[in-house]
Amino acid sequence: DYILKQLDSNTSLSLKSILELTKILELSFHLKDYFYKERDVSKFPLTDSYFSTLYTNPSITKAVSSAVIDENTLCDTASTTLSSLRRQQRNIEETVKEKLNNFIHSSTYSKMLQENVITLRNNRYVIPVKEQYRSMIKGFVHDMSSSGSTVFIEPMNIFELNNQLHFLQAEESLEIQKILRNLSSLFTPYIKELMQDYLTIGHLDFIFAKAKYALATNSIFPEINQKKYLQLIDAKHPLLDEDIVVPICIEIGKTFSSLLITGPNTRRKNSYFKNGWIIVSNGL
């Protein structure tokens, strides 16, 4: 409901929200396929009135599935621009790592490093340098360990490459927002249909939950009358242990209109009404 309100206000949705709307369409499709495939729906007119209202849109679900990996990630192929930007980033990252690997494994600088690893600080590639050697390596200090024994330096020879990466990442972020707007716009014309699907799926879930519970408790469909007549045949409390509860037959509304059940809290009465006493009246 909140997502649809966002959509109605022309707000660009997050990947998570887009996937949730897509799941509604996918579930609607599978529900209709389940109900109408190889089934004589004329035997189920009441449920047919729910299933028939479900809206599906395979073109939208296909568009989203081809662009989205999960709620945090877009596919590289979500757009040609995004694919190009990510390819450029990977190429630059490989160049940066190659330069830094040559640096940390060189006989000149390896002894100056706390560890022979490449890490990130402030989203820039850096190397961990022993504090006493910080002046021996030209570059920018981005961080320091809590003990002060290690400084994280961005060497000058990768400074411009890191800048290019930052620029490409900013461009990628803008492109992702553009893609999200485009994906969100796919759902905008169908806000009413999506809301109807949302409500209908909830109703169907409730119907099938009741049916599943009825089967588990061996329940029957009651015959309703307007004569204030009640007849329970071998009725059992559904929440009590089936092996312990004693079935009971109750009839009221023909020769008498009220029934009082009382007495000590013995096991037999407890199995009927849990405990205490109860007045059954068809006139109140």
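Tutor: Asn122 is found in the loop between β3 and β4 (124–130). Strands here are DSSP runs of E of at least two residues, helices are runs of H or I of at least four, and both are numbered from the N terminus. The model is predicted, so local features need pLDDT of at least 70 and side-chain atom pairs count only at pLDDT 80 or more, while totals for chains, interfaces and linings use all residues. Residues are numbered from 1 along each chain as its sequence is written, and side-chain values use heavy atoms, with hydrogens and water left out.

Asn122 counts as exposed because its relative accessibility is 55%. The cut-offs are under 20% relative accessible area for buried and over 50% for exposed, with partly exposed in between, using a 1.4 Å probe and protein chains only. The backbone of Asn122 has a positive phi of about 55°, although the residue is not a glycine. Most residues other than glycine have a negative phi. Asp234 also has a positive phi, near 50°, and is a residue other than glycine. Asp234 lies in strand β7 (residues 230–235).

From there, turn to helix α2. Ser28 has its place in α2, which covers residues 15–36. Ser28 counts as buried because its relative accessibility is 0%. Apart from neighbours within four places in sequence, Ser28 is in contact with Leu54, Tyr55, Thr56, Asp197 and Ile201; contact means heavy atoms within 4.5 Å.

How do α2 and α7 pack? Their axes are 10 Å apart and the angle is about 55°. Axes are lines fitted to C-alpha atoms, for helices over the stretch in contact, and angles run from 0 to 180 degrees between N-to-C directions. The two helices α2 and α7 are therefore oblique to each other. Angles under 35 degrees count as roughly parallel, over 145 as roughly antiparallel, 65 to 115 as roughly perpendicular, and the rest as oblique. A crossing is left-handed if the near helix is turned anticlockwise from the far one by less than a right angle, and right-handed if clockwise. The crossing in which α2 passes α7 is left-handed. On the α2 side the contact is made by Leu21, Ile24, Leu25, Leu27, Ser28, Leu31 and Tyr34, and on the α7 side by Leu194, Asp197, Tyr198, Ile201, Leu204 and Phe208. By class, this contact of α2 with α7 has 11 nonpolar, 1 polar and 1 charged residues. Ala, Val, Leu, Ile, Met, Phe, Trp, Tyr, Cys and Pro count as nonpolar, Asp, Glu, Lys and Arg as charged, and the others, Gly among them, as polar.

Phe206 also lies in α7, which runs over residues 191–216. Phe206 counts as exposed because its relative accessibility is 51%.

Helix α2 also packs with helix α4 (residues 58–67), at an angle of about 140° and with the axes 10 Å apart. These two helices, α2 and α4, are therefore oblique to each other, and α2 passes α4 in a left-handed crossing. Ile18, Leu19, Thr22, Leu25 and Glu26 of α2 make the contact with Ile60, Thr61 and Val64 of α4. Sorted by class, the contact of α2 with α4 has 5 nonpolar, 2 polar and 1 charged residues.

Because its relative accessibility is 25%, Ala63 counts as partly exposed. Setting aside neighbours within four places in sequence, Ala63 is in contact with Leu183 and Leu186. Ala63 and Ala78 are 15 residues apart in sequence, with 9.1 Å from C-alpha to C-alpha.

A further helix pair is α5 (residues 80–104) and α6 (residues 159–187), which pack at an angle of about 155° with their axes 9 Å apart. The helices α5 and α6 are therefore roughly antiparallel to each other, and their crossing is left-handed. Residues in this contact include Leu82, Leu85 and Ile92 of α5, and Leu161, Leu165 and Ile176 of α6. By class, the contact of α5 with α6 has 9 nonpolar, 6 polar and 6 charged residues.

Ser106 lies in the loop between α5 and β3 (119–121). Ser106 is buried because its relative accessible area is 18%.
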